[in-house]
Amino acid sequence: MLAALPLATIPAEDEALRPAIRAFLARHVPRIPPEIRARSWMGFDAGFSRALAAQGWLGLTLPPEYGGAGRGHFARYVLVEELLAAGAPVSAHWIADRQSGPLILRFGTEAQRRFHLPRICRGESFFCIGMSEPDTGSDLASVSTRAVREGEGWRLNGAKVWTTNAHHSHYMIALARSSGTAQDRQKGLSQFIVDLSLPGVRISPIRDLAGDAHFNEVVFDNVLLPADALVGEEGAGWAQVNAELAFERSGPERVLSSAVLLDTWLAWLRESGASDPATRARIGRLLSHLAVLRAMSVSVTDRLVRGESPVVEAALVKDLGTEFEQAIPVLLEDWLGENPAREPPAALLRALAYTSAMAPSYSLRGGTREILRGMIARGMGLR
């Protein structure tokens, strides 16, 4: 059932991280043009990720014995907010830090933890997500990629699509069917750590409307996996994936994808003195909407801190958050059309062009709007 989301606050010891993070960003993120900063969690820079690791800011929530900082989810929340607000290029470490590491910590064997987690914390090992498939999209229960036991290991065949940064990643955690058929839906699914350098793995980048190629199709052609590639229990993949998606769907990135564009717009309004009542009202509605979404996101994080798995609540935040992110470029376009005499700076227009091209993907990544609303309806007892 969908639970209430009582207001929560970020603890003072985690808020205290902000000055050091901002000082770090002032040193490592120079005056990058807005259209580049707008890419942020799609911006790949392995060197930047390793610099974060050197500060101890990768694997913040992982235990010290595995190379982490042993901090809570709120510490990472603060870090992510600051990184995205600055438009920092965080894509290299993003998946490993946000969900692959916590997944391995929770469900992996001790050997998997000892091998993978320190490398994630040092910024040496990057992961991608193997969930969506060419013929199933966000309907993960229809996964047809198959892992068959062979000797002590597994033989993997199938394909994944829309896999961000697969061409830059060392590993993928892939959802595959280890028993039954696609008609069995959630039953018989398992997760596997796939070394992307193995024979039989073929990665083909997919170029998007913005000219970037961070999406990929990944094909597995008789890929032989070792026995220890299995994460958690065989057949428990569905439950594990849903636990993983609570991390993916509830963070600041589901609210702040258009933050650089909004910030650039506000900076121009301040500099140009365009502060008429109608404009102030429009901006006020945006910022009040943002404040409510942030409060909801912080509340979901509080549930995670308490050891809960707020899958439905995270889906709600993700659905509302991406709707807000997609609204920002539309509202700016409308405002520019209503104010033709105000000539915007070229940097703002370039950031707008990029964000407008990418905004349709905001409600696709991490689960489509239709899938999320089905989850929310079930959580509310409506279906």
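**Checking the labels**

Tutor: Let's start with a pair. R294 forms a salt bridge with E81, and their closest N and O atoms are 2.6 Å apart. Keep in mind that this is a predicted model.

Student: What makes R294 and E81 a salt bridge?

Tutor: The closest N and O atoms are 2.6 Å apart. The cut-off is 4 Å between a side-chain nitrogen of Lys or Arg and a carboxyl oxygen of Asp or Glu, so a pair within it gets the name.

Student: How many salt bridges does the rule find across the interface of domain 1 and domain 3?

Tutor: Three salt bridges turn up across that interface. The rule also finds four residue pairs in polar contact there.

Student: How much area do domain 1 and domain 3 bury between them?

Tutor: About 2,000 Å², with 65% of it on carbon and sulfur atoms. On the domain 1 side, W41, F74 and Y77 supply 31% of the area buried against domain 3, more than any other three residues.

Student: Now single residues. Why is R282 called buried?

Tutor: R282 has 16% relative accessibility, so it counts as buried, the cut-off being under 20%. You'll find R282 in helix α10 (residues 277-305).

Student: What makes R282 and E338 a polar contact?

Tutor: Their side chains come to 2.9 Å. The limit for a pair of N or O atoms is 3.5 Å, so a distance within it passes that part of the test. Leaving out residues up to four places away in sequence, R282 touches W265, L331, D334, W335 and E338.

Student: And S142, why is S142 called buried?

Tutor: Its relative accessible area is 17%, so S142 is buried. S142 is found in the loop between β1 (127-130) and β2 (146-150).

Student: Then why does N222 count as partly exposed?

Tutor: N222 has 43% relative accessibility, so it counts as partly exposed. That label runs between the cut-offs of 20% and 50%. N222 is in strand β7 (residues 215-225), and its phi is near 55°, a positive value in a residue other than glycine.

Student: Where is W162, and what is its phi?

Tutor: W162 is in the loop between β3 (153-161) and β4 (171-177). Its phi is near 60°, which is positive in a residue other than glycine.

Student: Let's finish with helix α4. Which residues of α4 are buried?

Tutor: In α4 (residues 46-54), the buried ones are A46, F48, S49, A51, L52 and A53. They pack against α2 (18-28), α5, α6 and α7 (110-121).

Student: How do you know that D45 caps the N-terminal end of α4?

Tutor: A side-chain oxygen of D45 lies 3.1 Å from the backbone nitrogen of G47. After α4 comes G56, whose phi is positive, near 80°.

Methods
Residues numbered from 1 in each chain as written. Predicted model: local features only at pLDDT ≥ 70, side-chain atom pairs only at ≥ 80, totals over all residues. Heavy atoms only, no water. Helix = DSSP H or I, 4+ residues; strand = E, 2+ residues; numbered from the N terminus. Buried < 20%, exposed > 50% of the residue type's maximum accessible area, 1.4 Å probe, protein only. Buried area = accessible area lost by both parts, 1.4 Å probe. Polar contact = N/O pair within 3.5 Å; in protein donor to acceptor, adjacent residues only side chain to side chain. Contact = heavy atoms within 4.5 Å.
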